[in-house]
Amino acid sequence: MKTYWRSIDELANPQELRRQEVREESKQKSMLLKGDKELNSASRRDFLKTFGFSLAAASIVASCKRPVEKAIPYLVKPDEITPGMANYYASSYFDGNEYASIIVKVRDGRPIKIEGNTLSSISQGGTSARIQASVLNLYDDARFKGPLKNGEEITWEKADGEVAATLSKVKGSKVVLLSSTIISPSTQKIIQKFAEKQGNVEWIQYDPVSASGILQATKKSFGSAFIPDYRFGKAKVVVSFGADFLGSWLSTVEYTKAYTAARSLQDGRKEMLRHYQFEAGMTLSGSNADVRFPIKPSEEGAIVLALYNEIAKAKGATVFSGAKSSVDISELAKELLEHPKQSLVISGSNDENIQLLINGINELLGNYGETIGLDRPLLTKQGVDADADRLLADLKAGNVKALLVWNANPVFDHPKGKEFAESIKKVGLTVSFAERKDEISAVCQYILPETNYLETWNDLEPKAGVFSLAQPTIAPIFNARPVQETLLKWAGEPQKHRDFIQNFWKENQFAAQKEVADFRRFWDKSLQRGVYETALESKSAYSSDGLSQAASQIKGAASGIEVVLYESIAIGNGKYANNPWLQELPDPVAKISWDNFAAVPVAYAEENGLKNEDVISVNGLELPVFIQPGQAKDTISVALGYGREVSGKVGDKTGKNMYPFVITENGSRQYFLTGVKVEKVQGKIFELAISQTHYSMEGRPIARETTLADYIKNPVSGNEKEAEDLAKAVTLYKEPEYNGHHWGMAVDLNSCTGCGNCAIACQAENNIQVIGKEQVRNRRIMHWIRIDRYYSENPENPKVSFQPVMCQHCGNAPCENVCPVAATPHSEEGLNQMAYNRCVGTKYCINNCPYRVRRFNWFQYVKNDKFDFNSNSDLGRMVLNPDVTVRSRGVVEKCSMCVQRIQEKKLKAKLEGRPVVEGEIKTACAQSCPGNAIVFGDLLNPESRISKLLKDERNYHLLEELHTLPSVSYLTKVRNEKA
Amino acid sequence: MNIEKRGFINSQNTKPSGMKKPSLNLTVIQRFKLVFAVFILSLLAFSALPVSAFSQDDSDEMIDDRSHQEDVKRGERFFKGLLPKDRRFESCVSCHVLTPSGEQINWNPSAIDIAKKFADKDFSDFQAAVMQPNGKKMEASHKNFTIEDTDLKTVKAYLDDLAINGTPKIGPTVNQIVLFLVLGLLITLALLDLIFFKKIKYRFISVFVLLLGLLFQVKMVSEAAIKLGRSQNYAPDQPIKFSHKVHAGDNRIDCKYCHTTAEYGKSAGIPAMELCMNCHVLVREGARSGKFEIAKVVEANENKTPVEWVRVHNLPDHVFFSHAQHVGIGKVDCKQCHGPVQEMDILKQNADLSMGWCINCHRQTKVNFKDNAYYDNYMKLHDQIKSGKLDTVRAVNIGANDCMRCHY
Amino acid sequence: MYKTDIRGKLIDGEEKSLSQISQEILAPIDAKTPRWWYGAMAISLLMFAWGARSIYITLTVGIGSWGVNNTVAWGWAIINFVWWIGIGHAGTAFSIFLLILRQKWRTAINRAAEAMTVVAVFCAALFPLMHMGRSWLFFYVFPYPNTRGPLWVNFNSPLFWDFVAISAYLLISASFWYFGMVPDFATLRDTNKSKIKRAVYGFFSFGWTGSSKQWLRYEGLAFVLGGIAAVLVVSVHSIVSTDFAASVEPGWHTTLFPPYFVVGAIFSGFAMVLTLVTLMKKLYKMGDFITENHVDAVARVLVFISLIMGTAYITEIFIAWYSGSEYEFYTFFKNRITGDYAFQFWAMFICNALLPQLFWSRKVRRNLWVVFIISLFINLGMWFERFNIVITSLSKNYLPSSWAEYHPSMVEIGFFVGTLGMFSAGVLLFFRYIPQIAISEVKMVSKFNKQQTTHLKPGHHHDYE
Amino acid sequence: MIMNKKYLVGVFDSEHTLIDAFEKALEKGVNIEEVYTPYPIHEILHGMKTKTRITYAAFFYGVMAVALLLGGMYYAAVVDWPLHFGGKPFNTFPSFIVITIVATILTVTLLTLFTFSARSKIYPGSKAEIIDVRATDDKFIILLDQDKMNVGKPEITELFESFGASEVYEKETEKTA
């Protein structure tokens, strides 16, 4: 991986320069920042579309002329910018929840795409869907355009003055800084400085979905509160109790990377991690598990206890009596015991007692120091639930004189959000640093907007000793200011945030190392790489204190129906609910976008006569029903994060807010509710945007699979049909030959977790339009890569298969033959081409594609008030990739294998007079895949990774029997089931 | 049987006695000739109509002062050389034109340029500029000026007015519309005559007119349709009278000195304003343009306001074109697409930039196949060259005409 | 040689003079326009207006206003297209096949059939045009030299074949129809009382006089056109069928399609002819020319074709099972015979394969009302057949993940109703302004109606159509 | 140039009388200018001895169209700009056949029609040279040029009337030459 960096001087350039950069080349292809003249041209084109050929006659009448386009050069051309060529800058993403080291693609001054940074030991080049979509948050219309006081515009100077005056007035009384988890060492220092200046400042870190239970448990077990470093890569057996570590639990990208690596069977590997999952709803992790136990959340404690006892019995440790487990875990315990130091038991529970037992199990299995590291604790969740509750009490009691809110939104995402809202209104000074509209800013006096993470400097420490730098990739679009600068100003040390970070690093990180003598070089290198790591040693020692007390507090299963609250893959805790890409990303399992819903078990639905899209009332809240295979008996899963009230035009009023359902128990918030009253709301229908309605593969050899045991016996197992199909294949014509390159792709179904990152990466890269709930429901979703999900076997606890399907670039493409206007011929390099401008929209190709990967532009999605998403505003359109045409109404589009990337890298190779290097070209979906499931390369290059994968016995082509000769192949999924 | 009794109606020439007088036929032919002549004449008249046929509208709301309005009008008359009666020197407008210069460059600053420059300046500055010329070029032309202050004031008033209201608008090309409508009328007439009037004896004439009219209309429509996406010979006026002839021709500056990114960037790059100053820090007066135009460059740099050039070569949004591929790798000479730029005072689009133009060039252009190691991958072609099946590899052989080379 | 009495009399009623034939056939043109005509026309125009509005929405808003989606990308538009084209088959089939088979009885019907063909093909042609995402760029389909390279078209595409076939069919059937009318227009020109009508019909008669030279060339033309148009009748619907047969979709990809489609087209066309002819017989009192024997003959043809249709349906199902292709099997057994679209399948089967079997009974054939209703049912059944082919195959094809349902939107329905309105308006105009029956041909066969064939000498006995 | 011509017109009521009279007249060596009938009568067409070569023309058009179409498609798809479609060779001859058949039919039809139009003077706006308006309704007309008919007027009148002509009259008309 090449590294890129930007000069520091870059930042010194005035804002105006940035604007010009944006202006300069944006007209090349995108529809950005158009001047009046160009707007005329757009209207001319719309006119043309409406009246078509008759326009020509009209043009004679109107003597229509070509619009005048302007070309505005730089005054002073920055060295590193070549108009029309992209620059890449290493940076970091952290939104208070998820961390990844990233590379930002900047085109003509606009960040347009997030890529993974392979140098990071944490994210390892992977990202999640939300990180991919974060670039669109930069161009969100709901962002605050400048500081506000009670909704009125105000200048920074005035705001600073007023706030500082009030703060000095309340000096000595309690001032609370409520923030999300902050992992920036320099920012922590700044907060400290501010607190020193102000005096009585309480800094509360608040996580909407916290890891409070783990923190409290580790405090008891190890003496300090931290989240251990889970090393899935070293484990042979993973047992997860309700922790969706592939979807939403803690550091998902890191876990996915390690998990898929430990399960990969590429390069002749013959062993795999085995994954057990206990959970209620069908999560991403559960759908990837080898053995899945659907359980009620209230049963979890008893099962964990039983597991502990079983292991303790074997290890000769104390056994505790307690509630009885509903699941026979003896086999599981046996297997865990067979893999000492190579197993990993985790729980997503926020119950301290369960976490203590989990710690006990891991200790007995000798996992600490092996599969669970203690030297590099994860720092991304530091909120302790009790703090927020205490704050609420303080607020109610009027103890807080000033409240500063930074990246926290308890009004929405705290179970007592309404009470928060009411009590915040009573505080003398309330300041929100919110970047974009949210519920808490609506009740704060001052809104002093912070810059987007792509506009600002930052340093992060996601894990102890692992540092990561963020740098601005665009000058602030709006009149916003980093909170750090604000706090520094109020602390009486006004300075640039960058200078502070640099000095901070000079004093700390630079001083602590010896390899580089010059700070400038140290800094540049760190900035260029984006990450910097130091070695640390663990000092923690395990103690079994509190274990017996914890065991005694474990309760048995509750009766009645339970509601499970979870973070969905796309929306998460709801912070970026206003991001249309995320709203439209179908849930990987349910395949539903734009809403949360009540996932009910199949049997329950049958008993109660429920159908999809019926409405049930859950403790009085009406929710649409979705029948979810694998949903545990007597449970209903509903996603958090929906039902935002103040988030922007997209996020408002989508779904229902489930945070008020969260309960607090033992001082931490529990994300399930027992004894729920459920009623069917008769005669009511709530339409859901379901993008896949058929679950079964109908016995067709589509997503092929086998078991590890069978695979070891016979590598072809599960894929026997391939040889059969190849033997039967006959053709009249010669098979196509390619010249120079033949681009192809392989998808290892064993590595694909179905997380949806590729769909959003593709959407960002290829200007794919958002079409809204109604059109998704009409089965018109535009995503070029979709992830098919199939269930097999028992509907109460089915096996799940994921299969990403994009254009297969068939050698004998059925779509190509049927286009009357030659809009989709085959390229010399094996690509199935789509010339949008030639397409007249007969849609025949869509029909004749057996994979159904072609998408039609049913409407004009850009600049259309009926589709009021990002493409309907100048700001939102800034995210468009200028290298990819924005498709108009009436044309077919589909995966192009990121031909713009292929062309870019080919051009580079030609300029340098060398062949294209293997691995140089990566499609958007492959680049940031956290599972490394997608491999792209040149099939004509015998040395390429893809050529090798093609020889793998697991390799097959989808619908091979049709003899379409796809360039995309799949590798059989292998389940590590117990024989 | 009796014909009359059966109620047959005597249509033309059916009744045995019903014969036409020859004279009537002649008049019909004459009438037709007349109509035809009128048509031809009107055609000629319309095509001869000047393009800009509409006079400027003064917007009276802007300035209420009537005497000021008169000043403006007097100033306009003066500017156009109508005042004073005993004028000895050329009219202002003869050098400082009101309308765009068209094919030939007019080195003198245009009226609107001057108007804008002096819009927010005092009369004294204006007077000084006119009466005390600076620079050789201006001295030569302004030297014999004897203008009354009052006259000059009206000129200034006129120019200020011009700066606010802009140059006269160019009317649409009426002749084409009228031609189209006239054709439509003719077609209708021919059709009506064929069915009802039957005034023209030789029916093939009507049929001929009908078909010809339709054909011509179709031709007009299709030509206009094709033109919509093309702009060959497009030579817009630029905000600065930058002459490629002077720079690239007379002074032999290499193209890539200014268009720096042509070899490795997607666009050739419109030079940054600072680049102009590399020379114009010294060169402050042009032999023909005087100081006026170069001053704009200097001002742009000083005021940090970039010049808004009018883009000449516009490709549609759905076309990807990289200069790096063509100039850097393909070593295509700039001239091949942009024409003899070194001879152009006003830059003009040389090629039509149609898809066929691209495609046909790709079919002919040879690829530097042996020297660039990138092409080592193309084993099949190398084999064919070796075996003599192929003499040279052309761009088309390595997929240059694939859709997705340019459209994605 | 033929014997006219097989089909009974060609012209009913009192023996008619040639002039009487002209007068009776041309009567509707001069008669006062009946009230029902205005009513029917108003309804047709209303329907057409709805269709025009639907087209307007389609053009301005996009194909998104339809019910089609990324799985079922063709909906009612293509169903209706094939349906109309099928109906449009009758005219040429009548003229050509019956001409080749030397069926004299066609003379009374072929004009109506051909008129119907032209209107139906116009209706049909609207659908592929409007269902294009960018219909204003339809000219891309023409392989004309252009400034794009020139970029030609894809000669492999069944849609291109279709385009050529439909345009050819439209042009040929229209000119065939028109040139058949030229002598009749001349009759109108020479017998009508109204000056305007004389002028207008005179213009449309293209200078016809009925001279032996004209008749001679006319006969030659009829011979040539008849000969090659016979190929066209088979080829057009075969080509339409390749839109489906040349694809890979289960249920489409079958070699049975070309004959199946051609027969189906003739079936629906004859049914529509029957519908129209019964209307003409009742509404315009053309009973003397369109006799019960004519209706009977068409019904007999229908019962025969119905058997072929039934065989085709069963063959398809058999092959789906016999081929061993699971995709084909699913489509036919789980998505047609049973499943979401079972109603449409059985509606098709009953209307097309079972109901026409009633025509075995002479009583049924001779009952005009029953014939009329059955003919409507056949039309309906043929529509369902196209629905079956288009929708069921698309909605559930290879990858179950993309299976989706299809529901037409009001715009699509409106478009279809609009073409129905256009068709009925066209037919009404035809009833009103154009000789409904080929006068010269009826005059020619009228002599066979008389018993005085003694005059004809054996050597002179030729067939001259 | 306009000149007046004198004609003799025989009007018959039925096909049979017409044919009889027509054949008799031919036997007598009468030069018959033209016969107008409401529908084609083979005996007449045969007897008038004019031949049409429209079928040959049609065949020629067909051969030409096939050659042009196949050649054109080969040129467009193989020579001028070969494009890959679905792994098929450039020269997809079977596909060409389909288009060739239909387009040939179209070409032949249209060209034959134009030929017919031109030869028979049947085209929009063409003026009908009507001898007797009843000829398109129910009368069968034999037209004789008085200058060229070879046999005397009274003789012919008698002949026609003897064969049942309902009317025989003289007609003088202008005819453009």
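Chain B is divided into domain 1 (20-49 + 173-228), domain 2 (66-165), domain 3 (237-353) and domain 4 (354-408). These bounds come from an automatic or database domain assignment. The centres of domain 2 and domain 4 of chain B, taken over C-alpha atoms, are 58 Å apart.

This is a predicted model: local features need pLDDT of at least 70, side-chain atom pairs count only at pLDDT 80 or more, and totals for chains, interfaces and linings use all residues. Residues are numbered from 1 along each chain as its sequence is written, while chains are lettered from A and ligands numbered from 1 in the order in which they are written.

**Chain C as a whole**

- Chain C has 16 helices and zero strands. Both are DSSP runs numbered from the N terminus (helices: H or I, at least four residues; strands: E, at least two).
- The radius of gyration of chain C, taken over C-alpha atoms, is 23 Å, close to the 23 Å of the globule rule for 465 residues, so chain C is as compact as a globular protein of that length. The rule is 2.2 Å times the number of residues to the power 0.38.
- The C-alpha trace of chain C spans about 75 × 55 × 45 Å along its principal axes.
- Of the 465 residues of chain C, 59% count as buried (20 or more other C-beta atoms within 10 Å of a residue's own, with C-beta atoms placed from the backbone).

**Chain C with chain A**

- Here 43 residues of chain C are in contact with 46 residues of chain A. Contact means that C-beta atoms, placed from the backbone, lie within 7 Å.
- On the side of chain C that touches chain A, α2 (35-61), α6 (158-191) and α11 (326-334) each supply at least two residues.
- The largest share of that side, four residues, comes from α6(C).
- By class, that side has 26 nonpolar, 14 polar and three charged residues. Nonpolar covers Ala, Val, Leu, Ile, Met, Phe, Trp, Tyr, Cys and Pro; charged covers Asp, Glu, Lys and Arg; the others, Gly among them, are polar.

**Chain C with chain D**

- This contact takes 58 residues from chain C and 58 residues from chain D.
- α8(C) gives the most to the side of chain C that touches chain D, with 18 residues.
- That side has 30 nonpolar, 22 polar and six charged residues.

Terms used
Two residues are in contact if their C-beta atoms, placed from the backbone, lie within 7 Å. A residue is buried if 20 or more other C-beta atoms lie within 10 Å of its own, exposed if 12 or fewer, and partly exposed in between; C-beta atoms are placed from the backbone.
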